[in-house]
Amino acid sequence: MSLSRRKFLAFGAGAAAASTGLSGCGSRSSLGGSDELSMWTWVGSVNDDLIGQAEKAIPGHDGLRLSMTRIGSNYKTKVLTSLAGKSLVPDIVAINDDVATYFPNADQFHDLFELGAKERESEFLPWKWKLGVTPDNKMMAYPMDTGPTALFYRTDVFSKAGIDIDPAAVAQLAPDWDTYIALGKKVKQAVPGSSITDNINSIFSYRMAQQPKRYMTVDGQYIGDQDHVREAFDLAIRVVKEGLSANAQDGSTDADAVVTNGKLVAFNAAVWWAQLGPKNAAPKTKGLWRVTAAPGGAGNRGGSFLGITKYCKNPEAAFAFISWLESAKNQAQAFLDPVLFPSTPASYTDSRLAAPDPFFGGQKIVEVFAESATKYPGAYFSPYDSIIGAPISAELVNVEVAGKSPDQAWNDAQHQVERELTRAGAI
Amino acid sequence: MTVTKALPATVRSTDTTAKPPGKYRQAFPQYAAVAPFFILFAIFGAFPVLFSIWISFHDWDGIGSMTWVGLQQYSYLLGDPKFWQAIGNTLIIWVLSTVPMLLLALVIANALHNATRFRSFYRIAYFIPNVTSVVAVTLVFGSIFSNNFGLLNAFLQSVGLGKVEWLTQPWGIKIAIATIVTWRWVGYNAIIYLAGLQAISADVYEAAKVDGASSRQVFWRITVPMLRPVILFTAVTSTIGGLQIFTESRVLFGDTNNIGGPGNAGMTIVSYLYQSAFINNQFGYGAAIGWALFILIVLFSIINWRLIGGRDNERIARRAARRAERNIAAQKAAQQEDAEQTTKEAADVH
Amino acid sequence: MSIERIRTTVGHIVLMLGVVVSIFPFYWMLVMASNTTPDIFSYPPKLVIGSHLFENMGKVLDNIDFFGAMLLTLIASLGVTVLILFFDSLAAFAFAKYEFPGRNFLFGLLLATFMIPTQLSLVPQFVTLAEFGWIGSLKALIIPGAANAFGIFWMRQYAAGAIPDELISAAKVDGAGFFRQYLTVGLPVLRPGLAFLGIFTFINVWNDYLWPLIVMTDPNRLTLQVALDQLNGIYGTDYSMVMAGALMSVIPLIGVFLIGGRHFISDLAAGAMKF
């Protein structure tokens, strides 16, 4: 069908433009100079020292250097728009945990198996590796970090509520979500205004992140209307109804303010939040935070991948670069700064990771997250997960900010999902 | 008040009664002069419009291959609650911004008209918001309206009123967006009204004064009717601008699943178009929404066109002037009656 | 007389209140840009200008290529402005002062294009430019907007009244061709109109957001508005830095406006009267 579009264009714009001499040279190359590999990622997803080395010269390819762009916002939109724009597409792009949504366009990327990825498979967490491979067994995306989850909490606030602040004690006190909510209420009583989540969707997302299944089965059946989703949905609403959410919606001006002003006193979150949350938004709380095993069990949210686009000037060099960047040794370095959790288990025993983190009062936080990462069962992400997740999360916001009835919200969300999936031809 | 008439008299290069052959060739320089616009329009205006029909018949993410789906995008659109919500939001925000904006502009223009001193200072001060970028303005207002640290809430709290969650409540969001639009455009419209006021002949006012009309009467019975064409002009521009609101909503809320804020309360038609096409990569659907927006604008334009079309315009102005005279006459008569009444009543009391 | 006096005073008070409302957001921008983010987030809020302005401006320069974005925006704005001034005034001159077959039809067609909202063709325009290979380049910002119906319409209204027919007849007698007539008779008379259209176009392109947001896909080549939005979107927003960025982005344009503003405002108002 793309032929007919081209034909249409050829008859229309092409002809008109050519006849007036306006047609551009139609540059179809990738972004950056011929001695550069261009790469896009979002802020805080790489270790700056390693990138600095590659910006001088790509290891093993002296004539090439990396040209890195850190994108502050709307990352995915920018990548997809540049792919649709067909020019100035970067050689290498970082891809988030919604990697499966790119699978229908896997032909825009190089198959990393063809570039020698198979040899590296044994270095990585199996569940993580699988996420980057398409159903027809092409490797579209190479693992970067993972996002094991754990419970972050403020020791100063917890002790005001008379809670033993030792991580093991907190874990024992709140092994599941029920006990965790009870704990949250106790803290709130002692320190009014305390919240255990920034907003309703974080609870939902982190509960979903603990589940072995998500919205679709591998053979394409929709299961987003089943009990495991409803349970996470109801749990999120319960936390809000208990008054334990700070009601700071994602993307709002308040999202960081609740960390800065100390409203968020405990948060079941992924490892990368350590940097993006307290370290960035509340540097003054240094030493006050601890992490412990999350209520409800091990989980994973986020964690990213790298893809090499078909526009790439030198796929071999690009692959050499990404496999160097994501080696166990370098992933260990990325954990130290900016707290990216390695997808290579060999990193977990790296002596640098075992160092105490002063921000967490000298705690060795790697132990907590390593346990979560290795215990996490993995879950299937379908290409439709984003369009399924969007209405659900939108309806949750309606419950939190507008007091919409939970059943109504659930039904509306499911109805919307059904419409979207029907349009997408998924069901 | 000059209005668009039929094209005015021009230098005629040829006699209209006996056009010599080769008149097209003779007019070649003129064609060449107007050609750039039409060529650019053909490529970047007309062709894309046709192309968008083609795209809207497809399911396409802009990257992979296109799948023909016929009218499916349109049938989805008609049954899409988010689309109707976007239209509703847009119209509400449009009303919330246009009505106070035009009223305030009228008040300011009137005050400016009466003020003789500092007039150019005022004009510049009022116009500055309009040349400031929407992005920067929205960032500032976003912090003023912020739920947790906003200046507005701090003020409300300090005077003993509770906080309002401006940026999470459906009405709060619409009010915030409408406020930004109003703030940016009040001065602009006031300047235009001022020009309209200055075009009203002083004689009319003199006559009214002689007839003893009060200043309020003058404002409502002379000024406003005489300004009607200008008011309609500003209403048209505000309508076209209002139907295309996008930046305010997008900068306030960014790209989240709830585009335009919680409950999509600030999601405008263009926000929804942008989200569909460039965030969800549904180019086909984005093209279909574009057509819906087009139909909406044409609808409003036809209404406006009829209202301000050249002849209508003059008729309205004339009618307004006549009505003003009539009103003043009636008013005077009524006043006289009143006066007589009062004297009579006074006499009765005695 | 004293009632007149009171009315004038009340009028000035109302106007000054309006001025305060007009100007306050700029002051507030400066307050936030010169304090630290924790100051901004605190209650009660700080209402006075702080001492961190340069520090925050420095952070802006660290986070985005501010001057690069400004240069790009300047080039795009100037590019569009120059092309529009030329093409629009040339077309307006022809429409206003010459009779040629199909003139009324063409002018009607031009007016009809007003009705087409730019957003209608957002998607197909993007796809068309993608096929040209223009996405991400300055061409995408400049060429599609190089001539517009508004400018031609506005200039035509201006030219019809401002250019005396006798001057053109005289030039013709001297044997000047159309283009020469445009240069020697049209342009000099149109200069005030061009000044207005120039400032108007420049401001619009400078402040445009949606179109550059879509077509400037290379994050290292953004216009100022998009770069500013990007600064705001960074996860873990440093609010005072964002405000410093906003402040830096509005200063140049306000400068341009303050220089050419007075005439601009009168011309704008006069133009609106012509519709």
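UniProt, in an unreviewed entry, marks residues 12-30, 66-93, 105-126, 132-154, 189-206 and 239-259 of chain C as "transmembrane region". UniProt positions are given in the numbering used here, feature names are shortened, and annotations may be inferred rather than shown by experiment. The model itself is predicted: local features need pLDDT of at least 70, side-chain atom pairs count only at pLDDT 80 or more, and totals for chains, interfaces and linings use all residues. Residues are numbered from 1 along each chain as its sequence is written, while chains are lettered from A and ligands numbered from 1 in the order in which they are written.

Residues 189-206 are 100% helix and 0% strand, and their end C-alpha atoms lie 27 Å apart. Residues 239-259 of chain C are also 100% helix and 0% strand, with 31 Å between the end C-alpha atoms. Helices (H or I, at least four residues) and strands (E, at least two) are DSSP runs, numbered from the N terminus.

M243(C) is in contact with L139(B), M29(C), M32(C) and A33(C), leaving aside its neighbours within four places in sequence. Contact here requires C-beta atoms, placed from the backbone, within 7 Å. M243(C) also belongs to the largest nonpolar core, which has 323 residues. Such a core is a set of buried Ala, Val, Leu, Ile, Met, Phe, Trp, Tyr and Cys residues joined through C-beta atoms within 7 Å. Among the residues with the most contacts inside the core are F152(A), A190(B), I191(B) and A91(C).

Now chain B. Its secondary structure comes to 14 helices and two strands. UniProt's unreviewed entry gives "transmembrane region" for residues 31-57, 91-112, 124-145, 226-246 and 283-305 of this chain. Residues 31-57 of chain B are 96% helix and 0% strand, with end C-alpha atoms 36 Å apart. Residues 91-112 of chain B are 100% helix and 0% strand, and their end C-alpha atoms are 30 Å apart.

Of the 350 residues in chain B, 46% are buried. A residue is buried if 20 or more other C-beta atoms lie within 10 Å of its own, exposed if 12 or fewer, and partly exposed in between; the C-beta atoms are placed from the backbone. Among contacts in chain B between residues at least 6 apart in sequence, 71% join residues at least 24 apart.

V186(B) sits in helix α8 (residues 170-199) of chain B. Why does V186(B) count as buried? Because 28 other C-beta atoms lie within 10 Å. Beyond four places in sequence, V186(B) is in contact with M101(B), L104(B), A105(B) and I108(B). An α-helix has 3.6 residues a turn, so residues three or four places apart point the same way. D80(B) is 106 residues from V186(B) along the chain, and their C-alpha atoms are separated by 35 Å.

Chain A holds open sheets. One has five strands in the order β2-β1-β3-β8-β4, with mixed pairing. Its edge strands are β2 (65-71) and β4, each pairing on one side only. Strands pair if DSSP finds at least two bridges between them. Strand β3 (residues 92-95) and strand β8 (residues 305-308) of chain A pair in the antiparallel sense over four bridges. I92(A) stands opposite I308(A) in β8(A).

Helix α12 (residues 315-325) of chain A lies across β1 (36-42), β2, β3, β4 and β8 of chain A, at about 170 degrees to β8(A). Axes are lines fitted to C-alpha atoms, for helices over the stretch in contact, and angles run from 0 to 180 degrees between N-to-C directions. Helix α3 (residues 75-85) of chain A has 10 of its 11 residues buried. The buried residues of α3(A) pack against β1, β2 and β3 of chain A, α12 (269-279) of chain B, and α6 (122-132) and α11 (210-215) of chain C. K86(A) follows α3(A), with a positive phi near 65 degrees.

Another open sheet in chain A has three strands, β6-β5-β7, with antiparallel pairing. β6 (266-270) and β7 (289-292) of chain A are its edge strands. Strand β5 (residues 149-154) of chain A pairs with β6(A) over five bridges, in the antiparallel sense. T149(A) has A270(A) as its bridge partner in β6(A).

Finally, confidence. Chain A has a mean pLDDT of 90, and 93% of its residues reach 70 or more. pLDDT is the predictor's confidence in each residue, from 0 to 100. In chain A, the lowest mean is 45, in helix α1 (residues 2-19), and the highest is 98, in strand β4 (residues 142-143).

Methods
Contact = placed C-beta atoms within 7 Å.
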